[in-house]
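Here is a short report for a reader new to this structure. Look at the model first, then read on.

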Amino acid sequence: MNNEVGFPYLDELNDIQRRAVTTLDGPVMVIAGPGSGKTRVLTYRIAHLIKTGVPPWEILALTFTNKAAREMKERIEKVVGPGAHRVWAGTFHSLFAKILRREAHRIGYPNDFTIYDTDDSKSVVNDIIKQMNLDKKVYNNAAVRSRISAAKSNLITPKAYANNEELMAYDRMNRRPLIYQIYEKYVAKCQRAGAMDFDDLLLQMFRLLYQNPDGVREKLQNQFKYVLVDEFQDTNHLQYETIKMFVNYQGSNENICIVGDDAQSIYSFRGATIENILMFENDYPEVQTFKLEQNYRSTQFIVQAANEVILNNKKQIQKKIWTDKIEGDKIKLIKALTETEEGKRIADNIIESKNRYNLRNNDIAILYRTNSQSRVFEEHLRRYNIPYRIYGGLSFYQRKEIKDAIAYMRLTVNDKDDEALKRIINYPRRGIGKTTIDNLTQLADDNEMSMWEILTKVEFSARAKKKMGDFVKLIQSFKQKAATSDAYETASYIVRRSGIAELLRSDPTPEGQARVENVNALLDGIKEFVEDDELDEGEEMMDKTMSAFLQTISLMTDADNDTEEQDVVTLMSVHAAKGLEYRSVYVTGLEENLFPSYMSLSSPEQIDEERRLFYVAITRAENYLTLSYAQSRYQYGQMRYNDPSRFLEEIGEGNFDSIISISKKPEFPQPKILGNFKKLGAAKAPAISPPSGDFQPSSPEKIKAGMKVLHQKFGTGEVKSVDERMVASIHFDQLQDNKEKRIMLKYAKIQILEN
DNA sequence: GGGGGCTATGGGGGG
DNA sequence: CATAGCCCCC
């Protein structure tokens, strides 16, 4: 049909996809269901732009992860050749950081600005709360930080915050009326430190465009003639306004293409809003919309289940995904008594299905709602010698020894970075104690200077002076080294001379040795960074400074260091799985209070988001989908009993493997407290205990064949027989393998329910 | 100033 | 259960 000469790739697309790819000018919106070839459309669209004569560097493609951007570039390259690498593709954060590294000096930041991670931000907030003498139990630093973050994401300045009655009323209600002051101080403090937090990378980019010093806005608008945004449903207000800055101007062709799926919006907790999709249609009335609904990924039962689940969300863009793939296998459900059993049975299932379906480890993913759930799976996979890799959780750069080493590098690059300074001023120990540091902090606050400035300018008592003088000299020697050497030489100099290397080596424990190796791995990483000589075609120069290195790593996520060569089972959170696909997927921990999370139970909007998250989870599967839940699990150090997730019931029974059914009735008398737990917003939930109060073990000799009994661990069951040694064979209702358990009555905690 | 042990507290997803 | 922060003692 489509034989356009020179564009053979267009033949690989269906009609709608092709139109989405070839409609190059003016605003375009692509609503793309899971597995509908979204990435293919984005990739080919960019390739098509280049093929029709648009220089790659005039294309700005904002993706959700660096990995996605990298993969996209590789695929574009296959179509158009080497020029592809000059496309500006990356995450909002990384591309904006790249631009800000050139332009930040125009808006009051050093070009070598530090990027504060969440811990740094929290610590800044902490300091301010302390400084203002506020009760840190009321002014919880995480809560305050997230208010500040939300304000920034909505383009609300500290001043505007103070004048916003809604925000102020909310804060008063939560007994935190002074957040606006903390916000103001926070902004000032970060700026003084020459530091941007993650939100600032977006916000300062916006400011740069808005304030337009030296015509930098026109320069950028002129450069990026085509703007594409992936996962648009996960952008926040600030991101959208920034995009508009690039696109909206006198004489603009408004060449913007957004791709997204409202049903997969799962990041509202960091300010993302589906409103952006509606706004888009308002802001660009000329928009041409394409809906991709054919799913090429999953077999029918999976697609069917996904549709059934998402139907429970009322606010949706009308859309129904379909597939012409085979019916495929039904969905399996694993019901476990405990989290440990869940881990074991999934590991068992992996072994079995690998044989039966001829799967490689790479075909398999285990997904969970919270990262802490990974532990049990890890244990069982290790026991079976199944190689795996965990994404998320504590990444390499979050490890203490790495952060310590990096703090030295940060301070060397940007001496105003107070968070880095505080981290290492007395690490390794050099006799600068709490009192001195408090003093220093106070002086810095009072004089609105950085701690480093105080260190270098203010006179201290003789003893303190000596110690601090030594520290200053040390850092100055690092600065000097950095000025004359590359990042690797500087870094290894720092690790040696700071005393970190020696300190770590002195710990002979395996953990200690692991820390040494980690720091060495960090140095190797820097070396690799420095020695990378692959200049992209047309690229001017490569930035090999330590500052550049620090910038790249602070925006790196776990998914970016992939080891795709290896054949391993993937373990990750559902959030992290967005955009990925596997032949066999396990979605685990499907319990009320966990998935959906207990944090979301109080609001219907948040439940809807959990549901979209579940929708994302199940649509990762190509051929085999297994769902699982445990009736009890340790949460926060206590055994908890949770109902099966409501989402399980939203999937029609017909989609499930008939052998296994969902048990609708709870096996244990459900603790009444659950109801309150939800309403109280989980502030102080008492431990949910096992049958406890109602459960009274009956004396062993009374238990006879034919009785209905309640076992503390296995739930209700029927006693089939009791032998002379007081061993009972009991059939428990909830155990799936129709077998009876042999229970030693002498030790068992069993209550007679009926004779 | 430094270190160790104890208690209280909070506990999600991520760039 | 993990961690932050506190208190106490050297």
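## Charges over rings

K578 lies over the face of F64, at 3.8 Å from the ring centre. K400 does likewise over the face of Y427, at 4.2 Å from the ring centre. A charge sits over a ring if NZ of Lys or CZ of Arg is within 6 Å of the ring centre and within 35 degrees of the ring normal.

## About the model

This is a predicted model: local features need pLDDT of at least 70, side-chain atom pairs count only at pLDDT 80 or more, and totals for chains, interfaces and linings use all residues. Residues are numbered from 1 along each chain as its sequence is written, chains are lettered from A and ligands numbered from 1 in the order in which they are written, and side-chain values use heavy atoms, with hydrogens and water left out.

## Overall build

Chain A holds 29 helices and 20 strands. Helices (H or I, at least four residues) and strands (E, at least two) are DSSP runs, numbered from the N terminus. Chain A has 755 residues, and 53% of them count as buried. Buried means under 20% relative accessible area, exposed over 50%, and partly exposed in between (1.4 Å probe, protein chains only).

Take the contacts in chain A with a separation of 6 or more: residues 24 or more positions apart account for 73% of them. Contact means heavy atoms within 4.5 Å.

## Aromatic pairs

How many aromatic pairs does the structure hold? There are 23. Rings of Phe, Tyr and Trp (its six-membered ring) pair if their centres lie within 6.5 Å; planes under 30 degrees apart count as stacked, over 60 as edge-to-face and the rest as tilted.

One of the pairs is F7 with Y9, edge-to-face, at 6.1 Å centre to centre and 65° between the planes. F7 is buried at 16% relative accessibility. Y9 is buried too, at 4%. F224 and F246 also pair edge-to-face, with centres 5.8 Å apart and 80° between the planes. F224 lies in the loop between α11 and β6 (226–229) and F246 in helix α12 (residues 237–247), so the pair ties together parts that are 22 residues apart in sequence. Both F224 and F246 are buried.

## Two packed helices

Helix α10 (residues 198–211) packs against helix α11 (residues 216–223) at an angle of about 105°, with the axes 7 Å apart. Axes are lines fitted to C-alpha atoms, for helices over the stretch in contact, and angles run from 0 to 180 degrees between N-to-C directions. The two helices are therefore roughly perpendicular (angles of 65 to 115 degrees; under 35 is roughly parallel, over 145 roughly antiparallel, the rest oblique).

From α10, the contact uses M205, L208, L209 and Y210; from α11, V216, R217 and L220.

## Backbone exceptions

Most residues other than glycine have a negative phi, and most peptide bonds are trans. D214, in the loop between α10 and α11, has a positive phi near 55°. D214 is exposed, with a relative accessible area of 63%. N133 has a positive phi near 60°. N133 sits in the loop between α5 (118–131) and α6 (141–153) and is exposed at 71%.

A cis peptide bond joins Y427 and P428, with omega about -5°. P428 is in the loop between α18 (418–424) and α19 (434–447). The bond from F595 to P596 is cis too, with omega near 15°. P596 lies in the loop between β13 (582–587) and α27 (604–618).
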